[in-house]
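The exercises below concern helix packing, sheet order and single residues. Work through each task before reading its solution.

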Amino acid sequence: MFKTQTYHICSISDDYSESYLPTLSVFASPWLKLKRFLKKLILVTEVNPASASFYRRAARIVDERKSQIESNSWIIHPFSIFRLYYEMYMAVVFLFCLIYMPLHASYHFLLGEVFLFFYNMLTVLCMVDIVMNFVSGRCISQEEILMEPKKIAEAYVTGPYFICDILSSIPHDILAEDLHKLEDMLSFLSLLKLARIVTFFQYLERTFNYFQIKGLKFFIAKLALLLFFICHYSACWIYYSILVYDFFGGSMVENQHINLSERSDIEEFFKLYLKHMAYGSSFILDVDFVFRYSYPAVFYLSGIFTYLFGRIIVSFFIVMLMDVFKITNYLEVRYQEVLSQVNSYMSSKHFPVAIQSKVRHFYDHKYQGKYLNEQRVEKFISEKLKKEIKYHECRKLIRSVAIFQKLPQEIMENILPYLKRELFMPGDTIINAGTIGECMYFMSTGTVSVVTPSGKEICHLEDGDFFGEICLLVSHAKRTANVTAVESCELYKLEKRYFKKCFEGHAEILYEMQLEAKRRNEQTLQAERQVIKSYATLPVKTDVKIKVHNK
């Protein structure tokens, strides 16, 4: 394989480590060691996947790290190792918030003290996050990062999340017991934490990137979470609308199944939650649902809103799923489009059935059901990378062809760009006897038949063999045999003008090929002589009857 150097060695002073922090003596106090460890955690690092996409070069990361050390600032860099793990942790916290905050706002009458403690714990963690946002750097564009405390605070306070974070992070325990109305209002304000759903998905994506989970896997996880949130929020929204109606003095009907101010039952909560999730899902999916109880008008108004919102969401997900199918199956769909054009072309030209079948077999063998424009893919690839790709494509050929195994790596690098891949279908004539040869072939896969001009089959060649070298080694020589594909063959052609250039300086390999060419030429001539001799020894037929007419 190609040995690519992906790193370089810099001369670094002994006074600095890889983090460029001043080294401590072995007698340093534990406090200094802890301080250095914490400082290292908040420095920009290439371990954070976001730093590679932002800075693009390792040298820029090093420069940013040096600048951060020289500033002697304790602001946490947004691409530090601490920020990476903190965002993973906050992704879990936001997930619990996005699930529990709507539940608490809608069903807090039914939830007990344990759930209230859980709610207060989440609010405390969110208050800690507010503080962290004041001491963490902010990436405001693709080219600028804020690291000054004043600018960070200004950007956060004037941004869209500060007010939502403050109002949704007030614990209930700070209220007096007789302020039920105010407590109910604060439970409603906790819904403002839903504004962080965008931040949650950003943190989730960075977490997935760190663990090398990208593309379709992340999209499926994101889609599943979105579907769950929609069903979950519909269950909370339906009941929440009734609570708002009651909060502003509305009266519930007599057969309503729950007293909002007195009940506190977990079992009742699960029944009610699942029932309203069914209601919300029925609105979203436009399913006719028979309601057992008579609800106030606000319930039906919320249902209408949920229905309209649900139709938009369902249409959105249908489009997204179609896009996913198109992306994941793009090459297969493109292949079917190309094959449809080929079939239409053959039909318009009235090709015979045998030729049509052969053409379809060619496309199926070449593209394996997936159409790929190789020239477009390789257009912007460097020459060095093209050689590595070519080497990978021809790895089976290199392992199977004996003479390639004897070549040094640098010679193989020179030969591979000159090899041209060709496909032949069963029955195709690859070489005609008597013609002037301008190339030779190396067999990657398939079987060919070597036949003398008189029709005598000499042998079969298979994977790893080569043929057509006689005309390249002998001046003004013509093809001595016909070569026909017995099955679908994948061959690599090397033209005469590149032949000696590729093997120049390797006389032993050329000599070995000359011996093989001489042996095959002698074998072909011997087979021809046997055919001619067999024709010469055939008996002459003398059974012709001559009629003599007597006069």
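**Exercise 1.** In which loop is His350 found? State also its phi and whether it is buried or exposed.

Solution. The model is a predicted one, in which local features need pLDDT of at least 70, side-chain atom pairs count only at pLDDT 80 or more, and totals for chains, interfaces and linings use all residues. Residues are numbered from 1 along each chain as its sequence is written, and side-chain values use heavy atoms, with hydrogens and water left out.

Step 1. His350 sits in the loop between α13 (330–348) and α14 (353–367). Helices are DSSP runs of H or I with at least four residues, strands are runs of E with at least two, and both are numbered from the N terminus.

Step 2. The phi of His350 is near 60°, a positive value in a residue other than glycine.

Step 3. His350 counts as exposed because its relative accessibility is 68%; buried means under 20% relative accessible area, exposed over 50%, and partly exposed in between, with a 1.4 Å probe and protein chains only.

**Exercise 2.** Describe how α13 and α14 pack, by angle and axis distance, and list the residues that meet.

Solution. Two packed helices are described by the angle between their axes and the distance between the axes.

Step 1. For α13 and α14 the angle is about 160° and the axes are 11 Å apart. Axes are lines fitted to C-alpha atoms, for helices over the stretch in contact, and angles run from 0 to 180 degrees between N-to-C directions.

Step 2. α13 and α14 are therefore roughly antiparallel to each other. The classes are roughly parallel under 35 degrees, roughly antiparallel over 145, roughly perpendicular from 65 to 115, and oblique for the rest.

Step 3. α13 and α14 make a right-handed crossing; a crossing is left-handed if the near helix is turned anticlockwise from the far one by less than a right angle, and right-handed if clockwise.

Step 4. From α13, Tyr335, Val338, Leu339, Val342, Asn343 and Met346 meet Gln356, Val359, Arg360, Tyr363, Asp364 and Tyr367 of α14. Contact means heavy atoms within 4.5 Å.

Step 5. The contact of α13 with α14 has 8 nonpolar, 2 polar and 2 charged residues. Ala, Val, Leu, Ile, Met, Phe, Trp, Tyr, Cys and Pro count as nonpolar, Asp, Glu, Lys and Arg as charged, and the others, Gly among them, as polar.

**Exercise 3.** Which residues does Leu331 contact, leaving aside its neighbours within four places in sequence?

Solution. Step 1. Leu331 belongs to helix α13 and is partly exposed because its relative accessibility is 32%.

Step 2. Its contacts, with those neighbours left aside, are Gly369, Lys370, Tyr371 and Leu372.

Step 3. Lys370 lies 39 residues from Leu331 along the chain, and their C-alpha atoms are separated by 4.7 Å.

**Exercise 4.** At what angle do the axes of α4 and α9 cross?

Solution. Step 1. The axes of helix α4 (residues 81–107) and helix α9 (residues 197–210) cross at roughly 135° and come within 9 Å. That makes α4 oblique to α9.

Step 2. The crossing of α4 with α9 is left-handed.

Step 3. The α4 side of the contact includes Arg83, Phe94 and Leu98, and the α9 side includes Ile197, Phe200 and Tyr210. By class, the residues of this contact divide into 13 nonpolar, 2 polar and 3 charged.

**Exercise 5.** Is Asn133 buried or exposed?

Solution. Step 1. Asn133 lies in helix α5 (residues 113–134). With 7% relative accessibility, Asn133 counts as buried.

Step 2. Leaving aside neighbours within four places in sequence, Asn133 is in contact with Arg83, Ile152, Tyr156, Asp165 and Arg196.

**Exercise 6.** What is the strand order of the open sheet that has β4 and β7 as its edge strands?

Solution. Step 1. The order is β4-β9-β6-β7, with antiparallel pairing. Two strands pair if DSSP finds at least two bridges between them.

Step 2. The edge strands β4 (429–431) and β7 (457–461) each pair on one side only. The twist averages 30° from one strand to the next.

Step 3. β4 pairs with β9 (residues 482–485) over 2 bridges in the antiparallel sense, and Ile431 has Val483 in β9 as its bridge partner.
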